[in-house]
Amino acid sequence: MKYQYTSTKEIEKIISSLKPKNSHGYDEVSVNILKSCSPYISSPLSHICNTMLSTGIFPDRLKYAVVKPIFKNRDKSDVSNYRPISLLPTFSKVLEKVIYVRIFQHLSNNSILIDEQFGFRPKSSTMTAAYSLINEVLDALNSKKLVGGIFCDLKKAFDSVDHYILLSKLEFYGIRGKFNELIKSYLNNRYQRVSITNKKSYHSSFSRWRKVRCGIPQGSILGPLLFLVYINDLGSLFKNNQKPVLFADDTSLIVTHFHQTDFNRDVTSAFNQLNKWFAANLLSLNLNKTQYVQFMTKNTPTRDVSISYMTCLFRTR
């Protein structure tokens with residue numbers, strides 16, 4: 001990976017690209033404040049960024065996140081019915097963007113990210129992912145093939161990323177030396193606390209700061225890109241008649257075949273490959289929400305497909 005210092009001009013461009021917000025992390029500095037101060041702080045920020053790049057050390061004061069639980073639906077007493085929103089220091093976003101630009105350029109120049117990954121990439125969206133999936137199904141049906149889809153649901157995928165595995169994959173993809181040390185510094189010794197605000201009094205209560213031992217920071221700029229690297233080798237598992245369609249942690253797999261017996265075998269084999277890969281990478285497949293769908297036309301005979309699977313157990317680090 002090529003080493004490249006930042007400049008005052010790049011810092012100003014990054015700050016101007018941030019969405020204007022009044023929300024803030026524990027330091028109480030919002031994006032709006034940062035934007036108004038940009039002409040005065042871009043030069044010292046560029047010096048801090050260059051020091052970070054040359055030493056491979058991410059500033060500790062920017063590793064603190066405030067988590068606010070947002071109620072989704074159903075029972076309010078059930079913790080799983082809340083979505084955690086993580087608020088990071090605004091200055092962290094600037095430093096992360098500097099790192100992001102260099103890593104993404106390296107991944108793009110070397111065509112490292114697989115074509116089947118549609119999440120968090122330029123000129124890619126849920127629409128292009130849906131088009132790819134539908135096109136694969138229609139092509140198979142037009143060719144008189146049997147076609148089925150496995151739609152996986154992962155439990156807390158971003159929060160379950162193992163740092164050792166991620167750093168090993170980054171090194172494999174050529175992100176080594178100081179840059180690998182920088183990502184390690186970025187991930188290690190992070191802390192978070194929960195903030196709950198009383199809607200009537202607007203008084204906020206906080207938990208104690210707790211150390212984060214795994215996962216990538218929610219609400220960060222760099223986190224989604226690191227997850228794409230983490231899950232990138234998933235696409236190399238499958239045969240020609242097994243087409244994955246990935247959107248970050250949403251994993252879909254289309255399986256096709258002309259013959260029923262071979263089709264049943266390949267569906268079961270593909271699911272077990274998925275399950276084994278997730279377990280090896282310390283990600284948990286939610287079997288209650290993972291679904292299989294058989295795609296058919298009105299002339300396709302209805303046949304049941306039974307998928308058997310083995311529970312994979314791996315020791316955590």
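This is a predicted model: local features need pLDDT of at least 70, side-chain atom pairs count only at pLDDT 80 or more; totals for chains, interfaces and linings use all residues.
The sulfur of Cys-37 sits 16 Å from the closest cysteine sulfur, the one in Cys-49, so the two are too far apart for a bond. Seen from the other end, Cys-49 has Cys-37 as its closest partner, again at 16 Å and again too far. A disulfide here would need the sulfurs within 2.5 Å, and a search of the whole structure turns up zero disulfides.

Mean pLDDT for the protein is 89, and 95% of the residues reach 70 or more. One stretch to treat with care is residues 312-317, where pLDDT is below 50. Even so, that stretch has ten contacts in the model beyond its near neighbours in sequence.

Now to the aromatic rings. How many aromatic pairs does the count come to? Eleven. Take Tyr-26 and Tyr-64: their ring centres are 5.6 Å apart with planes at 55°, so this pair is tilted. The two come from distant parts of the chain, with Tyr-26 in the loop between helix H1 (8-17) and helix H2 (31-55), and Tyr-64 in strand S1, 38 residues apart.

Is the pair of Tyr-64 and Tyr-191 stacked or tilted? Its planes are at 15° and its ring centres 5.4 Å apart, so it is stacked, given that planes under 30 degrees apart count that way. Tyr-191 belongs to strand S5 (residues 190-197) and Tyr-64 to S1, so this pair ties together parts that are 127 residues apart in sequence. Ring pairs join Tyr-26, Tyr-64 and Tyr-191 with Trp-209 into a cluster.

| Residue | Relative accessible area | Class |
|---|---|---|
| Tyr-26 | 25% | partly exposed |
| Tyr-64 | 24% | partly exposed |
| Tyr-191 | 27% | partly exposed |

Is Asn-81 buried or exposed? With a relative accessible area of 9%, Asn-81 is buried, because the cut-off is under 20%. The Asn-81 side chain reaches the backbone oxygen of Asp-75 at 2.9 Å. Leaving aside neighbours within four places in sequence, Asn-81 is in contact with Ile-70, Phe-71, Lys-72, Asn-73, Arg-74 and Asp-75.

Strand S8 (residues 242-247) pairs with strand S9 (residues 250-257) in the antiparallel sense, over six bridges. Within this pairing, Pro-244 stands opposite Leu-253 in S9. Two residues lie between the strands, and Ala-248 in the turn has a positive phi of about 55°.

Ala-130 has its place in helix H4 (residues 126-142), and at 35% relative accessibility Ala-130 counts as partly exposed.

Terms used. Residues are numbered from 1 along each chain as its sequence is written. Side-chain values use heavy atoms; hydrogens and water are left out. pLDDT is the predictor's confidence in each residue, from 0 to 100. Contact means heavy atoms within 4.5 Å. Buried means under 20% relative accessible area, exposed over 50%, partly exposed in between (1.4 Å probe, protein chains only). A polar contact is a pair of N or O atoms within 3.5 Å; within protein, one must be able to donate a hydrogen and the other to accept it, and residues adjacent in sequence count only if both atoms are side-chain atoms. Two strands pair if DSSP finds at least two bridges between them. Helices (H or I, at least four residues) and strands (E, at least two) are DSSP runs, numbered from the N terminus. Rings of Phe, Tyr and Trp (its six-membered ring) pair if their centres lie within 6.5 Å; planes under 30 degrees apart count as stacked, over 60 as edge-to-face and the rest as tilted.
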